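Keep the viewer open as you read.

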Amino acid sequence: MMKRYIPQLDYLKSLFILLMILFHLVYISDTYPYLKRVVYTFHVPIFLILSGYLSGTDKSVKQFSVSLWWLFFPYSIMELGYVLAGTVLPVREQMGDLSIANIFRRIFIDPAGPYWYLHTLLLCRIVHYFIGNLFKERVGNLALLILIGLGFWGVSQGLGLMWLPHSMFFLIGVAISLFKLDFLKLFSPSPLSGAVAVILCCYPDNIGGFSLPGVVIVYSVISLLLWIYPLLPAAVARFSLFIGRNTLCLLLFSPIFTMASRFYLPYFMFDPTGICFALFTLVFAVAGCLAITWCMDKLNISPWFFGQKRMLKSCL
């Protein structure tokens, strides 16, 4: 059964995709290393919780395979492009050679750049779908959740294909959906959550990884942002929903612009805080990603790349 549309989820996704772009700017992550650690404590986990919550097992094997393919195909093309670009452009991550073995490793085992998220998402969805369908009529919800968790553990620890804490946050989203919990009531909106998150983030031992303080920080950030959402001006809220519905495009194409930002960074050295550079690049990257997607729609490339006639989505 298809879940009802919850606009707040697109709103959350919009904020975290912008944070992802921002902290993939090397200059910003180097200028604010502690802030980067704080942001990474909650922004990736929340993305994974949302992905787990929205992941379903009600599709046929054929439908699921098709949806998986149209996530894997653009991921693999952009990962290949990232590796190729990384051998030419000065990037921090070592790409290795351009051998078939190394390209295979990057796409299937150890992706480079921000595309590791799609790699993890693909693996989590596969494990969730097949274990969910195999056992959902045979065991209760709690046992099923444990079995899915064991599947994630096997892929993470046994095969070494993803980081276990990431899959645990995906599992939290699966649990919310499996037990049919109301997302907006579970993460009760409250301004006090902001104070909790700030206090916990002041202590380095609380940030990063799958820990109790880390989970509390994640919960608190969601709660705070849900409290803020109804306070937003209507135009800002609509724009956030638009960005949230197009996060895949931003994730796929934003590395083009974060890499390009190295060439104009010297022109922003007048601002040692990096704020002007960050704001310009965010606008540049978002506009560029949306423009690429729009052009692909207009040129009829989207059906071949995304499996959809029109990839750029409106607010509703």
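**From the whole fold to single residues**

For a chain of 316 residues, a compact globule would have a radius of gyration near 20 Å, and the protein has 20 Å, so the two agree. Keep in mind that this is a predicted model. The C-alpha trace spans about 60 × 50 × 40 Å along its principal axes.

What is it built from? The protein has 15 helices and zero strands. In the protein, 74% of the contacts with a separation of 6 or more link residues 24 or more positions apart. Some 49% of the 316 residues count as buried.

For a look at the inside, go to helix α12, residues 234-244, where the buried residues are Ala237, Ser240, Leu241, Phe242, Ile243 and Gly244. Which elements cover them? Among them are α1 (7-22), α13 (247-264) and α14 (275-298).

The accessible surface of the protein comes to about 15,700 Å², and carbon and sulfur atoms own 72% of that. As for charge, there are 22 positive and 12 negative side chains, with the centres of the two sets 9 Å apart.

Finally, the backbone. Most residues other than glycine have a negative phi. Lys180 has a positive one, near 55 degrees, and sits in the loop between α8 (164-178) and α9 (183-186). Lys180 counts as exposed because its relative accessibility is 73%, where the cut-off is over 50%. Asn300 also has a positive phi, near 65 degrees, and its loop runs between α14 and α15 (302-305). With a relative accessible area of 45%, Asn300 is partly exposed.

Definitions and conventions:
Residues are numbered from 1 along each chain as its sequence is written. This is a predicted model: local features need pLDDT of at least 70, side-chain atom pairs count only at pLDDT 80 or more; totals for chains, interfaces and linings use all residues. Side-chain values use heavy atoms; hydrogens and water are left out. Buried means under 20% relative accessible area, exposed over 50%, partly exposed in between (1.4 Å probe, protein chains only). Helices (H or I, at least four residues) and strands (E, at least two) are DSSP runs, numbered from the N terminus. Contact means heavy atoms within 4.5 Å. The radius of gyration is taken over C-alpha atoms; the globule rule is 2.2 Å times the number of residues to the power 0.38. Accessible areas come from the Shrake-Rupley method with a 1.4 Å probe; for residues, only the protein chains shown count as cover. Lys and Arg count as positive and Asp and Glu as negative; His and the chain ends are not counted. The place of a charge is taken as NZ of Lys, CZ of Arg, CG of Asp or CD of Glu.
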